[in-house]
Amino acid sequence: MILMKDIIREGHPTLRMRSEEVAFPLSDEDRKLAEDLLMYVKNSQDEEMIEKYDLRPGVGIAAPQVNQPKRIFALHFDESSDENLSLIAINPKIVSHSVERSYLTSGEGCLSVDRAVPGYVPRYARITVKAFDIEGKEYKMRLKGLPAIAFQHELDHLNGIMFFDHINPKNPFAEIPNATPIDRSSGD
Ligand code: SB7
Ligand code: NI
């Protein structure tokens, strides 16, 4: 089980690496890693588990955040949000994206960043993605809204990019051209 002590923080060199492609069939180790990542995001949205294990909520987590520079991440949105999506993405890629951007008005946070970094993080509003699941089957899907933003946040982790790299350093809240703001109630 992944706990907060297993999550590496800003300054750790692994967070700045390009993670390695994963080979199929998955090794037992890689399969366990993928399942553990998904379990973390599910647990981190469960009030009892948060309390019991002192978890920080997150809609996603990427393998490099547990110091494993491999191209695997998990996303989970539970029924409380209007999105209902749970996925493991292995060797993911964005195959096409909208010209239109979007950003969270509350900005982004990261399990690997123990401070608030204010500012808008420009993302593509809509993306079409391809990835492999745990069985090695390729899937393709279209995402928009928060899931699209989260997918881009996690994919960035696989390339050593942190969310704040995208924030305008001169004016963190500068208007983003051609972008739709997204309001999100929860703070994770
Ligand atoms: C805000 C938060 C996340 C994604 C998009 C907007 C995920 C935060 C948890 N993570 O650090 C996952 O990498
Ligand atoms: Ni993150």
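Reader: In this predicted model, does Glu108 count as buried or exposed, and what is the relative accessibility?

Author: Glu108 is located in the loop between strand S4 (101-104) and strand S5 (123-124). Buried means under 20% relative accessible area. The value for Glu108 falls under that cut-off, so Glu108 counts as buried, at a relative accessibility of 10%.

Reader: Which side chains does a polar contact of 2.9 Å join to the side chain of Glu108?

Author: Not counting residues up to four places away in sequence, Glu108 touches Val117, Val121, Arg123, Ile149, His153 and Phe163. The side chain of Glu108 has a polar contact of 2.9 Å with the side chain of Arg123. A polar contact of 2.9 Å also joins Glu108 to the side chain of His153. The residues asked for are Arg123 and His153.

Reader: Which helix gives the most residues to the shell around ligand 1?

Author: The shell is made up of Gly60, Gln65, Leu104, Glu108, Gly109, Cys110, Leu111, Ala150, His153, Glu154 and His157. By class, these residues divide into four nonpolar, five polar and two charged. The element that gives the most, with four residues, is helix H3 (residues 145-158).

Reader: What percentage of the accessible area of ligand 1 does the protein cover?

Author: A backbone N or O atom of Leu111 lies 2.7 Å from an oxygen atom of ligand 1. Polar side-chain atoms also approach ligand oxygen atoms, that of Glu154 at 2.8 Å and that of His153 at 3.2 Å. On its own, ligand 1 has 360 Å² of accessible area, and the protein covers 99%.

Reader: Which element provides the largest share of the largest nonpolar core?

Author: The core has 22 residues, and those touching the most other members are Phe73, Leu75, Phe77, Leu87, Ala89, Leu143 and Phe151. Two or more residues come from each of strand S2 (72-77), strand S3 (85-97), strand S6 (126-132), strand S7 (138-144) and H3. The largest share is seven residues, and the element that provides it is H3.

Reader: With which residues is Leu75 in contact, leaving aside neighbours within four places in sequence?

Author: Leu75 belongs to the group that touches the most other members of the largest nonpolar core. Another core, of 21 residues, lies apart from that one and includes Leu38 and Val41. Both of these residues are in the contact list of Leu75, which reads Leu38, Val41, Val59, Gly60, Leu85, Ser86, Leu87, Pro147, Ala150, Phe151 and Glu154.

Reader: What separation do the C-alpha atoms of His97 and Arg126 have?

Author: His97 lies in strand S3, and its relative accessible area of 42% makes it partly exposed. Leaving aside neighbours within four places in sequence, His97 is in contact with Tyr124, Arg126 and Ile127. Although His97 and Arg126 are 29 residues apart along the chain, their C-alpha atoms are separated by 5.6 Å.

Reader: What is phi of Asp54, and what is phi of Asn178?

Author: Asp54 is found in the loop between helix H2 (47-53) and strand S1 (60-62), and at 62% relative accessibility it counts as exposed. Asn178 is found in the loop between H3 and strand S8 (179-182). Neither residue is a glycine, yet phi is positive in Asp54, near 55°, and in Asn178, about 60°.

Technical notes: Residues are numbered from 1 along each chain as its sequence is written. Chains are lettered from A and ligands numbered from 1 in the order in which they are written. This is a predicted model: local features need pLDDT of at least 70, side-chain atom pairs count only at pLDDT 80 or more; totals for chains, interfaces and linings use all residues. Side-chain values use heavy atoms; hydrogens and water are left out. A residue is near a molecule or strand if one of its heavy atoms lies within 4 Å of it. A polar contact is a pair of N or O atoms within 3.5 Å; within protein, one must be able to donate a hydrogen and the other to accept it, and residues adjacent in sequence count only if both atoms are side-chain atoms. Accessible areas come from the Shrake-Rupley method with a 1.4 Å probe; for residues, only the protein chains shown count as cover. Ala, Val, Leu, Ile, Met, Phe, Trp, Tyr, Cys and Pro count as nonpolar, Asp, Glu, Lys and Arg as charged, and the others, Gly among them, as polar. A nonpolar core is a set of buried Ala, Val, Leu, Ile, Met, Phe, Trp, Tyr and Cys residues joined through side-chain atoms within 4.5 Å. Buried means under 20% relative accessible area, exposed over 50%, partly exposed in between (1.4 Å probe, protein chains only). Contact means heavy atoms within 4.5 Å.
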